[in-house]
Structure formats: structure tokens, C-alpha cells
Amino acid sequence: MLRLKLFYGLLTIILLLWSVGAAALLLMGDTVTRFDNRLRMDYRSIDAAQTMRTLTATINTRYLPSLAGAPTEHVLDRTLYDELKKEIQVKQNIIHSDGSNDERWQGVVTRLDSAVASYFEGYETFFAGLAQTRGDREKLLQFQSTQTQRLTDLSENVMTLAEEKLFSGASQLRSESGKNTLFVGTLVLLGTSVAALIYFQLVRQLVDPVANLRRSIEEIRNGNFELTMPEPGQGSEFSNVVSAFNDMASELKVRRGENDESLLRANFVNRAILEAIPSPVFVLGDDTGIVQINPAAEQLTEELGVTGRLPLKIQRILDECREKSAHFLPEDPREALLFRIHEEEFYYLPRIFRFESENATESGWAVLLHNVSRIRWLDDMKTNLISTVSHEIKTPLTGIRMVLHLLLEERSSQLDEMQKLMVTSANEDCERLLVTLNTLLDLSRAESGTTHLALAPVSMKDSVARTAHLYQRAAAAGDLEIVTEGDENDYPQVRADPVRLDEVLNNLVSNAIKHSPRGGRVTIRQSQPDADYLRVSVFDQGAGVPDDSQSRIFERFYRAPGQKSDGVGLGLFISREIMRAHEGRIGLRERTNDLTEFYIDVPIA
């Protein structure tokens, strides 16, 4: 229906244009034809009158001198006269054929006919030889001259009247051209009116519904789902569109209600979860502006006097995370930050991570401050207790060792075999107890963070060689072989404390020797896994670490079930602390080919 309306509207406009154009062309063609006919007819009369004057002049030039002279015996040739007479009569007929009803024209033509007849009559008298005397010839010459002048004047009158008729025809044509212009203008106005009427009809039926639809869509986009479009008139092509739009608005209204309810429920759940978390939680946007915080965070910021923003220490860590696009998830309570609140010290362990929506359109940062003040207090107390107890035991133990050494040297008295055996056993227990106390003191220093590192460029090859040499005797005692690999490669130096690095290597090799079967092999291999670290791996052919113990093997005082070797379970823990202080790595790889591999990665200098 809409297409049919458009077709009829355009067809009407096209017909109007064709009609106006055709009328204009017809009127212009008729005007040109009439002007051409008038011009041709008037010009023929002018030309005929002019020619008549010329012809009479020619006749007079040829025959009047003979008339003015004396009569002669021979007969004058009248051939030229007869030919020119016929031409004059033809021109005379042309002037008659004008057919004008103007009285002036008819009067001039009548007088011209009379003059022509008198002119020819005079020459017929001349050629008949009726004027023989001098007096008759002079009278006839005078008569022909008079008729010639009369004919000339009448020809002038004919040309004047013909020019007047020509100018009159041009004026009449201009008048008719003006009427034609008015007629064409009327058609143009009529066509314009009809086109304007068709335009407004099309606008009313096509553009207005589209404009209303656009405004309605804008309202829907602004959230005004209450809006509905009015139904158009019956038979409109937009009925289905309006109906579909109103259905869509109703559906969006329902879904918006459902979404609002879901959002309220989700917000309520989130709020409940945040309130249930005892630690301060900050939810921030990508610009680090606070989006939501829980009551614990509100209380903390109020007590710190930084309401509405993150504490400066946390903000700095968050800025670093944003620059690196990385999370900050420490686990060691010693990395907690100190805050003083009401003259009391509180340690908060910050955990910062980035989150995104499923479609990655929304993202932000979450900051959780875990209060580890009590953990730090207990840890410090335990560390201090171990350090104090170790120191307190080590002092009398030193005295006991001295006494036992003196007894074994038998400086005061001789010992029998039984006494020597008992003193030797006591001395070995004291030495073992001293090693344990020294290990506990190392542990205490490591946990308190007071382990001092003298970092310097170190050759890993030399450290491995020292360790291999140191444990050659112990390995030989167990019928073991220590093999080093990778010595031939020219690896770069590492940045480490050589004493502490040797301590870690010694611990790994010592453990490998303890757990290797007799006749086995301990391999120390150097490699470079990446551009930042140099790796040393220690392989042994022992039974390996049970799967259940692999995740706990680096915990302090942890010993795998069924382990028969000596030790209190602090060696790997202290090694891990030393490597952490070096910003290096230590680990246990999966057992392959009946080989157990412990490795350390040391930063390259």
C-alpha cells in the first residue's frame, strides 16, 4: 500500500512536469510558426514592390531615350519590354496575394494596379507608333515619366505598409507570447501546488511516523519504558511497526523490572558478603576511585583520618600494580604494613587483585587488608622465645662441652673403658645439641629478617666446586659418587652472598647424600632456564619425597613420615628463607627416571 501511494504521488508529479513542458513547447512552436509566416509574407510584398521599381527603371532606361529622340523607320525591339512586363505582373500578383483586409492596403494596391495599367498603356502607344510628331512624343514621354513616378511612390507606399504590418505582427506576437507565458506560469503554479499537496501528504503518511518512531526510540534509550506510540490510521503500513514497537517497549519494561530486582538482590548479597568479611575491603574502579567498601574499611579509614580514600601506603602499592597490570598477593605476614591507630600498632597484609566481568566490559580493583597483628605478635614471640632459649642453653652447653673435652683428654685422671664410652657418647650428644641450637638460631635470624646478605657477583661454578669438595668424604663414606655437570659452560655470575649460597648448596647436597642408597650417585647440574636466573639442580637416587609431603617439604620442623635420617626439619626451610632473601627460587621437581631433583634459581648479576 505504501509503495502504491509513493508510485501514484511520483506519477502525478511526473505527469504534471510533462504536461507543463509539452504545453510550453507547443505554444513556443506555434508562436515561431506564426511569426515566420508573417515575416515571410510581408517580406515578399516588400521584395515585390522593390522589384517592381527596379524593373520599371530598367524599361525606362532601355526605351525612354528612343521616345525622346526623333522617330525612326525601323521597328523597335520590344522583347525586353514583354519579359519585364510579365515579371512586373508576377510581382503585382504577389502583392495581391497578401490578402490583407486593411483599407489602406487595399487602396494602395488598387492605385498601384491603375498606375501599372497606365504605365503599360503608354508603352503600348509607343510601340504602336501612334506618337509620330514631336509634340505627341513629348506628351507621351511626359506621361510615362508621370506614371513611373506614380508607380515608384505607390511601391514605396506598399513597402511602408508592409513594414508597418511586419512591426504590427511582431507586437501582436509579443502580446501573445506574454499570454503564453502567463499560461505556462499558471500551469507551473498549479503543478507546484499539486506537488506541495503530494509532499505534505507523503510527509504526513511517511515522515511523521518515522520521526515519531525515532523520538520514541530515544525515549526508550533514556529508560522511559512507559512510552507507547499512538496507533496510526487504518490501512497504514506503520501499524505493524507501531504494534511491534509497543510490544518491544512492554517486554523491555518487564525485563527492566526483572533486572532491577536482580540488581537489588545482587547488591544486597554483595553488601551482606562484604559486611560479613571482618577485614577491610575496598572495591575500586579502573581510575582507583572507590566504588564500594565494607563497614570494616569505613571504620579503618575513619580511624586513620583518610575517609573516602585509600591509605597512602596502600595507594602506592595499587599504583604499582596498575603500572605492571599484576596482582599483589603476598602470603608472608612479614610483608604486612604497619598502621598506628590510637597509639597502637596494627599490621595489615594487603592483597590487591584485578577483576573483570565475563564480557570484559567492566573491570576494577579489589583491595583486602588482612589484619595479621596477632599472627605477627605470636610469630615474634615464638621467634624471640627460640632465640632466647637457644642462647640460654648454648652458654651452659659450652661449659659442658669443655668439661667433656677435658675428660676425654684425661688431663685430670685416667678413664676406664666404660667411663670413656659414656663420656664420648655424652660429647657426641652435646655436639649434636649444639648443631641443633645453631640451626634454631639461624632460623630465628631468618624469621626475624635480620639475616644479613653481603651480595656480590659470585661464580656459581666455584660454589658448586666447593660444595662437591666439601662432601666428597661424606659421600665416600656412603659409597656414593658426586658428579658435577655444566662446568664446561661459560655461565654468567650470579648476585648472591657466597656464604649463604654455599649454605643452601651444602644443605641440598647433604640431604641428597643422606637419602641416596649406597653405591648411588649425586649429581650437581648447572643450567640457565631463562635470561634472569642461573639454576643449580641436585639429583639423587633415593626413594624420593612422598606425594603427600611434597607440598610441605619446605615448612619448618616438617619431616616426611618414615624418614630415618637425622635432623629437625629446618634445613630446607632455612634454605627457602635464604633464597627468598636473594629474590631467588627453590623447589622440588617431579620425580623422573628414579631421580629426585631439588633446584635453586639465583638471579644473574
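Me: How many residues does helix 4 have, and how far does helix 4 reach from its first C-alpha to its last?
Reply: Helix 4 (residues 134–221) has 88 residues and reaches 124 Å, close to the 130 Å expected at 1.5 Å a residue. The expected span is 1.5 Å times one less than the number of residues. Helices here are DSSP runs (H or I, at least four residues), numbered from the N terminus.
Me: Before I go on, what should I know about the model?
Reply: This is a predicted model, where local features need pLDDT of at least 70 and side-chain atom pairs count only at pLDDT 80 or more, while totals for chains, interfaces and linings use all residues. Residues are numbered from 1 along each chain as its sequence is written, and side-chain values use heavy atoms, with hydrogens and water left out.
Me: Thanks! Where does helix 4 bend?
Reply: At Val203, by about 40°. That bend is the angle between axes fitted to the seven residues ending there and the seven starting there.
Me: And which residue just after helix 4 takes a positive phi?
Reply: Gly223, with a phi of about 95°.
Me: New topic: is Ser551 buried or exposed?
Reply: Ser551 counts as exposed because its relative accessibility is 65%. The cut-offs are under 20% relative accessible area for buried and over 50% for exposed, with partly exposed in between (1.4 Å probe, protein chains only).
Me: Where is Ser551 found?
Reply: Ser551 sits in the loop between helix 13 (547–550) and helix 14. Its C-alpha is separated by 27 Å from that of Ala531, 20 residues apart along the chain.

Note on methods
Helix = DSSP H or I, 4+ residues; strand = E, 2+ residues; numbered from the N terminus.
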